[in-house]
Amino acid sequence: MSIPDISREKSAALYERAKTYFPGGVNSPVRAFKSVYGTPLFIEKGDGSHIWDADGNEFVDFCCSWGPLILGHNNASVRNKVMEVMQNGMSFGAPTALENELAELILSNNRFIEKIRFVSSGTEAVMSAIRLARGYTKRDKILKFEGCYHGHTDALLVKAGSGLVTFGESSSAGVPKAFADETIVVSLNDMEALRAAFDEFKGQIAAVIIEPIPANNGLLLQSKDYLQYLREICTENGTLLIFDEVISGFRVGFEGAAGYYGIQPDILTYGKIIGGGLPVGAYGASAEVMDHISPVGSVYQAGTLSGNPVAMAAGIAQLSELLKPGFYEELQAKTAGFVKAIQDFVAERGYNLKIFTVGSIFWFAFTDQEAISTAEQIDPLSMLKFKEMHRELINRGVYLGPSGYEVGFISAAHTLADLETTKTAIFDSLDIVFSNSTN
Ligand SMILES: *Cc1c(COP(=O)(O)O)cnc(C)c1O
């Protein structure tokens, strides 16, 4: 049964005011709730797995700040460490021991990188990794995949044209055509397209960048064989393989997707979880590759707030929790149980819905396909069902990211009781979504 909409009076008033300050009322576009019902909810506080909006509505949160909050909101270890470090000042623009501490935590528990550089966002990490790959190989072209997101750096705001191997067409105004021309775009999970691209641009491709677990346009899980093939074809061609692990890093295991698949990329990028909710990004590689970065190497990269002590403190506290024995096993088991229960419900009802999952990530895909591994397989019309589901869930106290292309996250703070109430909310919502349609 449908239930009344929650009150959004205060959020709506804040949004009206925000629209006078910010384009579209927001500081990042997806927050504007364009793909779902209602005005964006302005969040007042978060604690554990729960958030509260300006009208006092309470939600179990599965957006988790789009991934960084793997320990949930307002985690005591992270908060205490940040508060302790803040007593000594916020920023120096000079090295601090905290940078060493976070680097040591990461490098001694990650077999895939030997040196790292901290920046302030995922976008910045990717932008720097691309420049490093170009500087290292002395080549200009890069190859990306349709359906992977790498932040908003010019060279990667590029989508596929029509054809197996295409020069990118910019997906944003303001990206010079000359930049987009340096970016080749192919479909995911397609060995033939990859081979064709390497044949056509022999000796010209500096780097291939991929989300090894693509999770920004649905959850487009790739086969291990494909990722292995990608590794091999890059090696054969002297092209650097960049794993953009801004979302998968520290999420599917401490060593991210590289560890999950056992594949060694040439450069890795991190963000989101690495900063414990504060703005941190990073890129890493072998010492040999990283030593092409200034001041030792000729590839320039810098940042006024890079390695900021308060942000480092949050990262240290959060990653220390992730290294405790059993952390990932427990999180994964919790997620698997949750997803399985929904899958069983959906199967019993015969609804056209799949829930894809890896680690503590899940994605609702309104489809009858058994697997979805490319952007082209996603039916845009299926998003209408997500929109209905999102409204029903919000009304039942469950907060998912406001777009059907976004994945959900389960944090260590989600209790079994949270997941039980969420399941009930999901079952009731799905019954409504599917009651007005043939399937
Ligand atoms: C979020 C994300 C980015 C961009 O990171 P920002 O911190 O938002 O700039 C880049 N790549 C991937 C894979 C991401 O998930």
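The second largest pocket holds about 420 Å³ of space. A pocket here is an open set of points on a 1 Å grid over the protein atoms alone, where a 1.4 Å probe fits, with protein on both sides within 12 Å along at least five of seven lines. Its volume is the space filled by probe spheres set on the points. The model is predicted: local features need pLDDT of at least 70, side-chain atom pairs count only at pLDDT 80 or more, and totals for linings use all residues. Residues are numbered from 1 along each chain, and side-chain values use heavy atoms without hydrogens or water.

The second largest pocket is lined by 21 residues, each with an atom within 4 Å of a point. Pro95, Glu99, Phe118, Ser306 and Gly307 lie nearest its centre. Helix H3 (97-107) and strand S4 (115-119) each supply at least two lining residues.

UniProt, in an unreviewed entry, lists Lys272 as "modified residue: N6-(pyridoxal phosphate)lysine". Lys272 sits in the loop between strands S12 (267-270) and S13 (281-285). Its relative accessible area is 24%; this is partly exposed, between buried (under 20%) and exposed (over 50%), with a 1.4 Å probe and protein chains only. Beyond neighbours within four places in sequence, Lys272 contacts (heavy atoms within 4.5 Å) Trp66, Pro68, Val246, Ile247 and Val280.

The structure holds 17 aromatic pairs, with ring centres within 6.5 Å. Tyr260 and Tyr261 pair edge-to-face (planes over 60 degrees apart), at 5.0 Å and 85 degrees. Tyr260 is partly exposed at 43%; Tyr261 is buried at 7%. Phe327 and Tyr328 are also edge-to-face, at 5.2 Å and 85 degrees. Both Phe327 and Tyr328 are buried.

Notes: Helix = DSSP H or I, 4+ residues; strand = E, 2+ residues; numbered from the N terminus. UniProt positions renumbered as here; feature names shortened; annotations may be inferred. Phe/Tyr/Trp six-rings, centres within 6.5 Å; stacked < 30°, edge-to-face > 60°.
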